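This briefing covers helix packing and a few loop residues. Please look over the sequence and the model before reading the points below.

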Amino acid sequence: ERDKPLVEFADRVGDTSGLIDVGAFAKLLHKKNVKIGRTRLFAWLREQKYLRQNNEPYQKWINSGIFQTREYVYLAKGEPCIGIKTYITGKGQTYLTEKIGKAY
């Protein structure tokens, strides 16, 4: 019972089912004959104001269910640091495929 808040936090951070990262989404688009690639996709998402300069989504797009973010831990100079990774939801994949298809 004492650890319940930590366990719930870990479950939320670790659950990425149904989500894909931007690189995987770029590969899916490529299979659908949209030749954009990961780097150009990130640039397009920033230009269209879906992502900020640090590649994190604006809150508006998180609230609308297009993106989710998850924290992760990595080591920098031997010290643990927390990073944020951006994922695209199933709803977001459908929405963005339509938008990108019109642009490319």
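Contact here means heavy atoms within 4.5 Å. This is a predicted model, in which local features need pLDDT of at least 70 and side-chain atom pairs count only at pLDDT 80 or more, while totals for chains, interfaces and linings use all residues. Residues are numbered from 1 along each chain as its sequence is written, and side-chain values use heavy atoms, with hydrogens and water left out. Helices (H or I, at least four residues) and strands (E, at least two) are DSSP runs, numbered from the N terminus.

**Helix α2 against helix α5**

- In α2, the residues F25, L28 and L29 meet Q93, L96, T97 and I100 of α5.
- The residues of this contact divide into five nonpolar, two polar and no charged; Ala, Val, Leu, Ile, Met, Phe, Trp, Tyr, Cys and Pro count as nonpolar, Asp, Glu, Lys and Arg as charged, and the others, Gly among them, as polar.
- The axes of α2 (residues 22-31) and α5 (residues 90-103) come within 11 Å and cross at roughly 55 degrees.
- That angle makes α2 oblique to α5; angles under 35 degrees count as roughly parallel, over 145 as roughly antiparallel, 65 to 115 as roughly perpendicular, and the rest as oblique.
- Axes are lines fitted to C-alpha atoms, for helices over the stretch in contact, and angles run from 0 to 180 degrees between N-to-C directions.
- The crossing of α2 and α5 is right-handed, the term for a near helix turned clockwise from the far one by less than a right angle, with anticlockwise giving left-handed.

**Helix α2 against helix α3**

- Helices α2 and α3 pack with their axes 9 Å apart, at an angle of about 105 degrees.
- This makes α2 roughly perpendicular to α3.
- On the α2 side, V22, G23, F25, A26 and L29 meet R38, L41, F42 and L45 of α3.
- By class, the residues of the contact of α2 with α3 are seven nonpolar, one polar and one charged.

**The two sides of helix α3**

- L41, F42, W44 and L45 are the buried residues of α3 (residues 38-47); buried means under 20% relative accessible area, exposed over 50%, and partly exposed in between (1.4 Å probe, protein chains only).
- Seen down the axis of α3, these buried residues fall within an arc of 160 degrees, so they line one face of the helix; the arc is that of the directions from the helix axis to the C-beta atoms.
- The buried residues of α3 pack against α2, β2 (67-76) and α5.
- Exposed residues T39 and E47 are carried on the face of α3 turned away from its buried side.

**Loop residues**

- K35 sits in the loop between α2 and α3 and counts as partly exposed at 44% relative accessibility.
- Apart from neighbours within four places in sequence, K35 is in contact with H30, R40 and Y104.
- K35 and Y104 are 69 residues apart in sequence, yet 7.7 Å apart in space, C-alpha to C-alpha.
- Most residues other than glycine have a negative phi.
- K49, in the loop between α3 and α4 (59-63), has a positive phi near 65 degrees and is exposed, with a relative accessible area of 52%.
- K77, in the loop between β2 and β3 (79-88), has a positive phi near 55 degrees and is exposed, with a relative accessible area of 87%.
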